[in-house]
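Work through the exercises below using the sequence and the model. Each task is followed by a stepwise solution.

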Amino acid sequence: MAPKIQPKVIIERTFNKDGSILRKYAHTTGDVTYTLSNKIPGVGYFGRALRCDKFETPIKAIISEPNKPVESYMKAPDGSTIKKVGDKMIQLKNVVFYNFCEKFLK
C-alpha cells in the first residue's frame, strides 16, 4: 500500500545567500514540514526535510542527495536518534534527537 500524501500549502519561503531555499508547509492535519533545498547545475538536487507535528515538535528528518541512498532520522523511545539508510537501522545513542533536529536545517 502506498503512503497517503496529505495536501499541503506553502506558508513561508526564505531565500538564503548560498542559493538554498527554506520552505515551510502546513498540512491539512495541522502538521508542519520544513524543507531546505538546493539545486546545483550539473550536480543535482540536494534536499533536507523536517517533519513536525501540529505543536512543531520534530517527528522525522530526511536527507536526499544525488547518487546516495535517502537517509532518515527518527526519535528512539529513549530520546536518542535512529538513523535509517535503506533497510539498515542504526541507533545513535549519544545523539539526542531534538538537539540533532535543532541543527538539521542550518
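**Exercise 1: aromatic rings**

Ring pairs join Tyr73, Phe100 and Phe104 into a cluster. The model is predicted: local features need pLDDT of at least 70, side-chain atom pairs count only at pLDDT 80 or more, and totals for chains, interfaces and linings use all residues. Residues are numbered from 1 along each chain as its sequence is written, and side-chain values use heavy atoms, with hydrogens and water left out.

Task: classify the pair Phe100 and Phe104.

Solution. Step 1: rings of Phe, Tyr and Trp (its six-membered ring) pair if their centres lie within 6.5 Å; planes under 30 degrees apart are stacked, over 60 edge-to-face, and the rest tilted. Step 2: this rule gives three aromatic pairs. Step 3: the centres of Phe100 and Phe104 are 5.4 Å apart and the planes are at 45°, so the pair is tilted. Step 4: Phe104 also has the charged end of Arg48 over its ring, 4.9 Å from the centre (CZ of Arg or NZ of Lys within 6 Å of the ring centre and within 35 degrees of the ring normal).

**Exercise 2: cysteines**

Task: state how many disulfides there are.

Solution. Step 1: a disulfide needs a pair of cysteine sulfur atoms within 2.5 Å. Step 2: the sulfur of Cys101 is 7.3 Å from the closest cysteine sulfur, in Cys52, too far for a bond. Step 3: the count is zero disulfides. Step 4: Cys52 is buried at 2% relative accessible area, and Cys101 is buried at 6% (buried means under 20%, exposed over 50%, partly exposed in between, with a 1.4 Å probe and protein chains only).
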